[in-house]
Amino acid sequence: MPVTVLLVDDEPLVRAGLRAVLEAQPDIEVVGEAADGAAVIPLVRQLRPDVVAMDVRMPLMDGIEATRAVLRTVAEPPKILVVTTFEDDEYVYEALRAGADGFLLKRARPAEIVHAVRLVAEGESLLFPASVRRLAVRYGDGARPAPTAPAHARLTEREAEVLRLMARGLSNAEIAARLVVGTETVKSHVSAVLAKLGARDRTQAVIAAYESGFMESG
């Protein structure tokens, strides 16, 4: 089955460009378009896309609020890929904290756009880990109140190791090779990490790790 994508951007040329790039791939299908975040929820419910490629800045409802709305109201939400002009934009970080799974630069080359959609759809690796780290360092200081008992304190030694490798952008298969264990074992560790951190996915877990100081502790 192809990866289905919903395009959300207030610039028709951006949507047309993304559609042309993605529909040239045999394993990706663009199933719909919207010009503002306010139209996302009904389209997601109707079309059930695997991925929403969503502009971070739009006039009526921006990508941050649209991401929150989708995750709050849709039972099985799609992956959300924020589309942005600047990778160091605080809006991008807020969208990631709101639950977006990654971000894509509007100036990205066609191959990078396709790779981003596929990677986010698979959900087994972190998109642009170095950029996520820079965003967390720049905007994450004090973003969350320090808990009395940090969630990462409940991680086992192996789970902590897996989280650090996740933060470096390694896929499940790459982590398995590094730790000399099976891929299913890694998937179990990743699931445990997400559950203990209360994270929706790898991106949220890594952001939580940086904001809590975990990544500076090891």
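## Sheet

Five strands form an open sheet in the order β2-β1-β3-β4-β5, with parallel pairing. The edges are β2 (28–34) and β5 (102–105), each of which pairs on one side only. From one strand to the next, the twist averages 25 degrees. The model is a predicted one.

Val82 stands opposite Phe103 in β5.

## Helices on the sheet

Helix α1 (residues 12–23) packs on the sheet and touches β1 (3–8), β2 and β5. The direction of α1 makes about 165 degrees with that of β2. Helix α2 lies across β1, β2 and β3. Its run is at about 160 degrees to β1.

## Nonpolar cores

The largest nonpolar core has 54 residues. Val8, Met54, Leu96, Leu163, Met166 and Ile175 touch the most other members. Helix α7 (residues 157–167) gives the most to this core, with six residues. A second, separate core has 22 residues, including Val3, Val14, Val21 and Leu22. In soluble globular proteins, nonpolar side chains tend to be buried together.

Neighbours within four places in sequence are left aside here. Met54 is then in contact with Val8, Val40, Gly63, Ala66, Thr67, Ile80, Leu81, Val82 and Val83.

## Packing of α4 with α10

Helix α4 (residues 90–98) and helix α10 (residues 202–211) pack with their axes 9 Å apart. The angle between α4 and α10 is about 110 degrees. Angles of 65 to 115 degrees count as roughly perpendicular, so α4 is roughly perpendicular to α10.

On the α4 side, the residues are Tyr93, Leu96 and Arg97. They meet Thr203, Gln204, Ile207 and Glu211 in α10. By type, the residues of this contact divide into three nonpolar, two polar and two charged. Leu96 also belongs to the largest nonpolar core.

Arg48 is not a glycine, yet its phi is positive, at about 50 degrees. Arg48 sits in the loop between α2 (40–47) and β3 (51–55). Its relative accessibility is 39%, so Arg48 counts as partly exposed.

Phe128 is another residue other than glycine with a positive phi, near 55 degrees. The place of Phe128 is in the loop between α5 (110–122) and α6 (129–139). Phe128 counts as partly exposed because its relative accessibility is 32%.

Methods: Residues numbered from 1 in each chain as written. Predicted model: local features only at pLDDT ≥ 70, side-chain atom pairs only at ≥ 80, totals over all residues. Heavy atoms only, no water. Core = buried A, V, L, I, M, F, W, Y, C linked by side-chain atoms within 4.5 Å. Buried < 20%, exposed > 50% of the residue type's maximum accessible area, 1.4 Å probe, protein only. Helix = DSSP H or I, 4+ residues; strand = E, 2+ residues; numbered from the N terminus. Contact = heavy atoms within 4.5 Å. Axes fitted to C-alpha atoms, helices over the stretch in contact; angles between N-to-C directions. Parallel < 35°, antiparallel > 145°, perpendicular 65-115°, else oblique. Nonpolar A, V, L, I, M, F, W, Y, C, P; charged D, E, K, R; others polar. Pairing = 2+ DSSP bridges.
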